[in-house]
Amino acid sequence: MYISFLRSEYNKMRNFTKQYINGEWVDSASGETIDVINPATEEVMGKIAKGNEEDEFRHSSVEERRELLDKIVKEYQNRKNDLIEAITDELGAPLSVSENVHYQMGLNHFTAARDALDSFQFEEQRGDDLVVKEAIGVAGLVTPWNFPTNQTSLKLAAAFAAGSPVVLKPSEETPFAAIILAEIFDKVGVPKGVFNLVNGDGSGVGNPLSEHPKVRMMSFTGSGPTVEEAANATTKKVVNNTGQVCTAGTRVLIPESIKEDYLTAVKEAFSKVKVGQPREEGTQVGPIISKKQFDQVQDYIDKGINEGA
């Protein structure tokens, strides 16, 4: 299915009433649509499908996820020698350590996640309230070189058990254990789009992953960025999509010792953000979606100033 975004199409209604799931354009289970409003003109510019819970992996059953993890455990065991050899070669760990520490840690995490689903309560009644634990959504996973199966398996097993799709960036220094994991997942039938592996370095892959608006959570283990890099990442998270992101940052926790340097770096980063019309080249922040939302944003700004910002 080809969708044209050529300039000649700008004034036409865009009716995209299918969902892109598991690599295919498919009809939405609900059959309903939603009007899309152009915030610059306040006119309806098209319609999109209104998906429901049948469209999402996070609504797979606990039993389905347990069966998937059980298959992963068994195939992980089948690839034992490959994992041990890879870890020994890429990390330099003695064979005995690769087997008894690294390989075993990975197996333990997948097994523990599988077994936890036998008793974990995703819904809990607390008095008159029902507490429901749901998958957070797409998780970005960045793992270190020194424990290539331990940290990776810990993050992946938890995400699969909860029902969250993942994008994994393993260390570029010890990537082969993760590649074997990808082969394991492919063989046992992990649904398309649930597991994604992107190899590369921190600046080339890790930074874009952490800044991506559709990544709902980042799990990072490794070395931290510089003050300037952290400030730039914060700015991009806040201004991305004109700041209209439910997961946009609301606060930053930093050591007192770098507070002034960080504030200086943030001010510098924000001074370079271009606000303008959405069709103007270089515009990073466009119009707020509606007057109601604009007024709400202004109210928050006033509250911040009154509270000492």
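Biologist: What order do the strands of the open sheet take?
Modeller: The order is S10-S9-S8-S11, with parallel pairing. Keep in mind that this is a predicted model.

Biologist: Which strands sit at the edges?
Modeller: Strand S10 (195–197) and strand S11 (217–220). Each of these edge strands pairs on one side only. From one strand to the next, the twist averages 20 degrees.

Biologist: How many bridges join S9 to S10?
Modeller: There are 3 bridges between S9 (residues 166–169) and S10. One partner pair is leucine 168 with leucine 197 in S10.

Biologist: Which strands does helix H4 touch?
Modeller: Helix H4 (residues 150–162) packs on the sheet and touches S8, S9, S10 and S11. The direction of H4 makes about 175 degrees with that of S9. Helix H5 (residues 176–188) also packs on the sheet, touching S9 and S10. For H5, the angle with the direction of S10 is about 150 degrees.

Biologist: Back to H4. Is lysine 155 buried or exposed?
Modeller: Lysine 155 lies in H4. Lysine 155 is buried, yet has no salt bridge. The nearest side chain of opposite charge is glutamate 172, 14 Å away.

Biologist: So what does the lysine 155 side chain have a polar contact with?
Modeller: With the side chain of serine 219, at 2.6 Å. Residues touched by lysine 155 also include Leu141, Val142 and Phe220.

Biologist: New topic. How many salt bridges does the structure hold?
Modeller: The structure holds 15. One of them pairs aspartate 115 with arginine 66, with the closest N and O atoms 3.9 Å apart. Aspartate 115 is in helix H3 (residues 95–116) and arginine 66 in helix H1 (residues 62–78), 49 residues apart.

Biologist: And what about aspartate 70 and arginine 114?
Modeller: Their side chains meet in a salt bridge, 2.8 Å from N to O. Aspartate 70 lies in H1 and arginine 114 in H3, so this pair ties together parts that are 44 residues apart in sequence. Both residues are buried. Aspartate 115, by contrast, is partly exposed, at 33% relative accessible area.

Biologist: Where does lysine 133 find a salt bridge?
Modeller: With glutamate 124, at 3.5 Å from N to O. Lysine 133 counts as partly exposed, at 32%. Glutamate 124 is partly exposed too, at 31%.

Biologist: Which residues form a network?
Modeller: Salt bridges that share partners join Arg66, Asp70, Lys74, Arg114, Asp115 and Asp118 into one network.

Biologist: Last one. How do S6 and S7 run?
Modeller: Antiparallel, joined by 4 bridges. Arginine 126 has aspartate 129 in S7 as its bridge partner. The hairpin has 2 residues between the strands, and glycine 127 takes a positive phi near 65 degrees.

Notes. Residues numbered from 1 in each chain as written. Predicted model: local features only at pLDDT ≥ 70, side-chain atom pairs only at ≥ 80, totals over all residues. Heavy atoms only, no water. Pairing = 2+ DSSP bridges. Axes fitted to C-alpha atoms, helices over the stretch in contact; angles between N-to-C directions. Contact = heavy atoms within 4.5 Å. Buried < 20%, exposed > 50% of the residue type's maximum accessible area, 1.4 Å probe, protein only. Lys, Arg positive; Asp, Glu negative; His and termini not counted. Salt bridge = Lys/Arg side-chain N within 4 Å of Asp/Glu carboxyl O. Polar contact = N/O pair within 3.5 Å; in protein donor to acceptor, adjacent residues only side chain to side chain. Lists of a residue's contacts leave out its neighbours within four places in sequence.
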